[in-house]
Structure formats: C-alpha cells, structure tokens
Amino acid sequence: MKFVIIGGQKIAYHLARMMISKGYHVYIVNKDPRACESLAKSLSAVVILGDGSKKSVLDQLDLSNEDLVVVLTNTDRDNLIISQMVRHYYGVERIVTLVNDPEDIEIFHRLGVKAAVSPTNLLLQTIQGLLLVDEIEEFSPVEEGRLVFLRLEIPKTSPSAGKKLKDVPLPNNCVIGAIIRNNLVVIPRGETELLAEDRVMVLCEPSVQSQVIKLLVGE
C-alpha cells in the first residue's frame with residue numbers, strides 16, 4: 001500500500017513524517033520546485049515534482065485501489081478535480097481531501113468524496129464545545145426546582161461506559177442533551193456509545209436525579 005500526499009507543504013511534511021515513522025511507503029506530489037527539494041532532503045519519501053491535477057503526473061504513482069491518497073492543495077477546485085481523477089481513473093476509494101471553504105463540503109459529498117475535511121469546521125467544533133461548556137455551566141434550573149441540570153463525567157467504572165445510549169435504562173423524565181468528548185460536542189442518538197471520560201449534560205426531574213447519577217456514574 002502506498003500513502004500518497006498531493007499538494008501542501010508544511011502539513012504534507014508533518015503528515016509524511018508521521019506516516020513514515022509508522023512504516024508506510026510515502027509518496028509526495030507537489031508542483032513547487034522549492035517545496036519538493038526541501039521535502040526530498042528531509043524525508044525518506046518518493047517526491048515527485050508536478051501538478052497533481054494532471055493525469056500524466058498521477059500516472060507516475062502507479063496507483064491501485066489499495067492505496068490511500070490525501071489531497072492538500074490550496075484550492076478546492078483542484079482538490080475536487082484530483083479526488084475525482086484518483087477515484088475514476090485508478091479506482092482509489094480511500095481518499096481524504098482538504099476543503100478550504102467549509103461551504104464547499106456539500107459539493108464534495110454530492111460528487112462522491114466522502115472524507116472531505118474542513119479545518120475551519122474542526123476549529124469551529126472545538127470552539128463550540130468550549131463555549132457550550134461555559135454556557136451550560138451558567139445554566140440555572142427553571143420552574144423553581146422542577147428541573148435539574150446535571151453535568152456528569154462518565155468514569156471507567158460506570159455501569160453505562162461502553163454501552164449504547166438506547167441500552168441504558170434511563171427514566172422517561174430524563175434527557176441527555178449533549179456529550180462533550182475531547183472538546184467536541186456530540187448530539188446523542190440511540191446508537192451513540194457512552195465512553196469513559198465523556199462529559200454528559202443531563203436535564204431531569206429532581207425525583208429521578210439519584211437514579212440518573214447511579215446509572216451514569218455508578219455507586
């Protein structure tokens with residue numbers, strides 16, 4: 001299996017270095033001669049000078065459906081073109097594509113690029129997670145004690161750790177509104193698995209508070 005990086009410079013360097021350390025055969029394509037020279041000097045990788053959106057350049061990689069390709073150019077148009085070419089001409093299915101403008105993600109998905117990654121969206125999710133924690137910490141129970149807010153951390157010893165939410169026998173008058181996991185917000189569904197160290201945001205009636213804590217935290 002080849003691990004191929006098309007475009008990028010600093011990201012390409014750090015990603016290539018990590019994958020080389022894991023034992024992968026890394027190939028890098030870049031149309032910037034200086035970038036290629038720097039990458040070739042500092043990495044044990046095959047570095048190809050050329051435009052990754054040209055089939056003549058991609059042909060040099062001898063791609064197969066077992067390979068993994070990461071596309072990191074500065075323009076979404078080129079990233080989309082390259083991803084489409086890699087998939088249609090060479091049968092590569094494992095493609096990770098950088099999307100610079102988060103509004104373009106839907107276009108990538110509609111055209112069959114499943115792993116389209118927007119750094120802006122990833123940053124936004126992290127920021128929203130941090131802000132949500134702040135907002136929830138300022139939350140005040142409403143209706144004069146008729147509603148209780150709980151922020152619980154799932155320990156490794158929790159009876160619910162590793163279970164899907166639908167399999168946790170929570171009472172009906174209890175709702176898990178959000179899970180904070182690695183500073184990202186997870187909106188839970190029945191299939192969502194509760195993991196140790198998750199922070200769970202719960203709204204419930206006071207009468208079931210003890211039951212909810214016992215189920216999610218344990219004795």
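**Note on the aromatic pairs and ring contacts**

1. Tyr-89 is exposed, with a relative accessible area of 53%, where exposed means over 50%, buried under 20% and partly exposed in between, for a 1.4 Å probe and protein chains only. The model is predicted, so local features need pLDDT of at least 70 and side-chain atom pairs count only at pLDDT 80 or more, while totals for chains, interfaces and linings use all residues. Residues are numbered from 1 along each chain as its sequence is written, and side-chain values use heavy atoms, with hydrogens and water left out.

2. The whole structure holds 2 aromatic pairs, a pair being rings of Phe, Tyr or Trp (its six-membered ring) with centres within 6.5 Å, called stacked if the planes are under 30 degrees apart, edge-to-face if over 60 and tilted otherwise. Phe-3 and Tyr-24 make a tilted pair, at 6.4 Å centre to centre and 50 degrees between the planes. Because Phe-3 belongs to strand 1 (residues 2–6) and Tyr-24 to the loop between helix 1 (10–21) and strand 2, this pair ties together parts that are 21 residues apart in sequence; helices (H or I, at least four residues) and strands (E, at least two) are DSSP runs numbered from the N terminus. Phe-3 is buried at 5% relative accessible area, whereas Tyr-24 is partly exposed at 35%.

3. The ring centres of Tyr-89 and Tyr-90 are 6.3 Å apart with planes at 65 degrees, so that pair is edge-to-face. Tyr-90 is buried, with a relative accessible area of 15%.

4. Lys-55 lies over the face of Tyr-89, 5.3 Å from the ring centre, the rule being that NZ of Lys or CZ of Arg is within 6 Å of the ring centre and within 35 degrees of the ring normal.
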